[in-house]
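Welcome! Here is a short briefing to read alongside the sequence and the 3D view.

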Amino acid sequence: MADASEHDHTFESADAGSATTFPLQCSALRKNGHVVIKGRPCKIIDMSTSKTGKHGHAKVNLVATDIFTGRKYEDLSPSTHNMNVPIISRLEYALVNIEMNMDDDVKGRGFLSLMREDGTMKEDVRVPDNEEGDKIIADFESGLELMVTVISAMGEEHAMSYKEAPKGNN
């Protein structure tokens with residue numbers, strides 16, 4: 001008979017275990033599609049297939065850019081092998097406020113206060129540290145109502161673009 005203490009388990013997290021990637025055969029990948037290279041979610045900008053060699057596998061040469069940083073990556077893989085494809089979500093939020101970072105010791109500009117469609121707040125997306133971030137700040141400070149597009153993949157999310165919110169006809 002098993003001791004009851006053997007069945008007591010402590011679980012540190014209880015997420016649904018949803019995957020951040022799924023496998024796909026290299027030969028099924030396409031230009032403008034997505035792939036994981038060196039642990040980063042990338043968009044394929046060029047790919048070519050070499051002929052079957054004496055060892056029997058055609059090779060696929062992939063050139064891709066990181067969807068968040070724009071950094072270029074290359075990979076060479078047999079066409080019959082599987083590669084991971086990132087699950088990417090793109091959601092729009094209403095920009096409510098920008099919490100600017102005034103502390104010189106902390107890296108980054110600050111965070112966007114975003115509102116979901118259901119009215120709940122999301123305040124963990126950083127202001128982009130690029131020209132797009134400059135434009136978001138300038139347009140928000142000039143009084144425009146903005147919709148911010150946030151892209152999420154592999155546990156990372158970034159504000160990638162924005163547009164002026166549609167005017168309501170009340």
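Accessible areas come from the Shrake-Rupley method with a 1.4 Å probe, and for residues only the protein chains shown count as cover. On that basis, the accessible surface of the protein chain comes to about 11,600 Å², with 49% of it belonging to carbon and sulfur atoms. This is a predicted model, where local features need pLDDT of at least 70 and side-chain atom pairs count only at pLDDT 80 or more, while totals for chains, interfaces and linings use all residues. Residues are numbered from 1 along each chain as its sequence is written, and side-chain values use heavy atoms, leaving out hydrogens and water.

**The chain overall**
- The protein chain has 1 helix and 11 strands; helices (H or I, at least four residues) and strands (E, at least two) are DSSP runs, numbered from the N terminus.
- Of its 170 residues, 30% count as buried, meaning under 20% relative accessible area.

**An open sheet**
- An open sheet is formed by 4 strands in the order β2-β3-β4-β5, with antiparallel pairing; two strands pair if DSSP finds at least two bridges between them.
- β2 (34-37) and β5 (72-78) stand at the edges with a single partner strand each, so one side of each has no neighbour in the sheet.
- Strand β4 (residues 59-66) is joined to β5 by 7 bridges, and Thr65 has Lys72 in β5 as its bridge partner.

**A look at Ser152**
- Ser152 lies in strand β10 (residues 146-153) and is buried, with a relative accessible area of 19%.
- Leaving aside neighbours within four places in sequence, Ser152 is in contact (heavy atoms within 4.5 Å) with residues including Phe68, Ile87 and Glu157.

How values were computed. Buried means under 20% relative accessible area, exposed over 50%, partly exposed in between (1.4 Å probe, protein chains only).
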